[in-house]
Structure formats: C-alpha cells, structure tokens
Amino acid sequence: GTLEFRAGELDQALQLFTEFIRIRNGNSTEKDGDYVNVLFMMGNIHKMQNNEDDAQSCWTEAYEVFQALGLAEDNPEIAQVMGNLVNDGEDDGIADQSRDSKSVRRMLGKLTDKVKGTFNENKGRSKNRGHQL
C-alpha cells in the first residue's frame with residue numbers, strides 16, 4: 001500500500017490498506033503502530049480525494065489507537081498534528097481548499113513519512129507497546 005501511495009496510485013493503495021485493516025480486525029490482532037500508520041495514510045488518501053468524512057473517520061480512529069497505545073507520550077509532535085487533524089481538519093493549512101492536490105499530497109506524504117519513521121525508530125525501545133507484528 002505504501003508503495004502504491006508513493007507512486008500516486010491512490011485507489012490501489014486505499015484498496016490494499018483497507019484489506020490490511022479488514023484482515024487485522026478479522027483475526028483480532030492487537031492494534032499497534034502499523035495499524036495507526038495505515039489508518040493515517042488512509043485518511044491522507046481520502047483527504048486527497050476530497051472525501052472529508054472518510055478522512056476524518058480514519059484520522060480519528062488512528063488518533064484514538066495512537067493515544068491508547070501510549071504513543072503520544074513518546075511522540076508529542078505527531079500527537080499534536082494528529083490532534084489538529086481530528087479536531088478541526090487543519091494543520092498548517094492542510095484543509096485549505098486553495099491548495100492543489102500535488103501540494104496536499106506532498107504535505108501529507110511528509111507527515112506520513114514522519115509518522116512511519118518515528119514508529120520504526122521506536123520499535124526497539126517500546127516493544128511492550130505493540131509496535132511490532
């Protein structure tokens with residue numbers, strides 16, 4: 001899904017991410033940083049496709065799981081960004097309708113990289129919080 005997202009194949013990425021969530025929920029796998037990443041990226045895709053309600057739904061669930069796992073304590077910057085997205089749909093103008101889709105894609109891609117990179121860096125330090133599959 002991430003590769004498709006980076007290649008700009010948003011529909012395919014969304015399909016793969018949706019399948020990831022379906023499988024994880026179907027086998028009752030504990031939610032972890034990977035689950036948060038996927039929901040966050042799904043929200044980004046929905047935002048880029050102007051599906052505001054779906055974006056908010058994904059971001060809200062991602063933020064709730066992020067908080068429940070205690071990841072906000074280790075990642076206050078990301079917690080703030082996610083909180084802003086959930087609370088009012090804005091972070092440094094992400095919700096500004098005047099931005100073109102390439103600009104929004106770049107900005108959300110940077111946030112996605114930051115979220116994913118932070119979780120990868122923390123895997124060794126926080127194994128007890130369910131970061132790994």
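Guide: Let us begin with M42, which touches L14, F17, T18, I21 and C58 when residues up to four places away in sequence are not counted. Contact here means heavy atoms within 4.5 Å. Please note that this is a predicted model, in which local features need pLDDT of at least 70 and side-chain atom pairs count only at pLDDT 80 or more, while totals for chains, interfaces and linings use all residues. Residues are numbered from 1 along each chain as its sequence is written, and side-chain values use heavy atoms, with hydrogens and water left out.

Visitor: Which residues touch the most other members of the largest nonpolar core?

Guide: M42 is one of them, together with F5, F17, V36, I45, F66 and M82, in a core of 30 residues. A nonpolar core is a set of buried Ala, Val, Leu, Ile, Met, Phe, Trp, Tyr and Cys residues joined through side-chain atoms within 4.5 Å. Buried means under 20% relative accessible area, exposed over 50%, and partly exposed in between, with a 1.4 Å probe and protein chains only.

Visitor: Which helices each supply at least two residues of this core?

Guide: They are α2 (10-26), α3, α4, α5 (71-74) and α6 (76-88). The largest share, nine residues, comes from α3.

Visitor: How many helices and strands does the chain have?

Guide: There are seven helices and zero strands. Helices (H or I, at least four residues) and strands (E, at least two) are DSSP runs, numbered from the N terminus. Of the 133 residues of the chain, 44% count as buried. Among contacts with a separation of 6 or more, 58% join residues 24 or more positions apart.

Visitor: Back to α3, then. At what angle do the axes of α3 and α4 cross?

Guide: The axes of α3 (residues 33-48) and α4 (residues 52-68) cross at roughly 160 degrees and come within 8 Å. α3 is therefore roughly antiparallel to α4. Axes are lines fitted to C-alpha atoms, for helices over the stretch in contact, and angles run from 0 to 180 degrees between N-to-C directions. Angles under 35 degrees count as roughly parallel, over 145 as roughly antiparallel, 65 to 115 as roughly perpendicular and the rest as oblique.

Visitor: Is that crossing left-handed or right-handed?

Guide: The crossing of α3 and α4 is left-handed. A crossing is left-handed if the near helix is turned anticlockwise from the far one by less than a right angle, and right-handed if clockwise.

Visitor: Is H46 buried or exposed?

Guide: H46 counts as buried because its relative accessibility is 9%. Leaving aside its neighbours within four places in sequence, H46 is in contact with L14, N51, D54, A55 and C58.

Visitor: New topic: what is the phi of S28 and of N50?

Guide: Phi of S28 is near 55 degrees, and phi of N50 is near 60 degrees. Most residues other than glycine have a negative phi. S28 is in the loop between α2 and α3, and N50 is in the loop between α3 and α4. S28 counts as exposed at 64% relative accessibility, as does N50 at 56%.

Visitor: What about K31?

Guide: K31 lies in the loop between α2 and α3, and is partly exposed, with a relative accessible area of 33%. The C-alpha atoms of K31 and V65 are separated by 7.2 Å, although the two are 34 residues apart along the chain.
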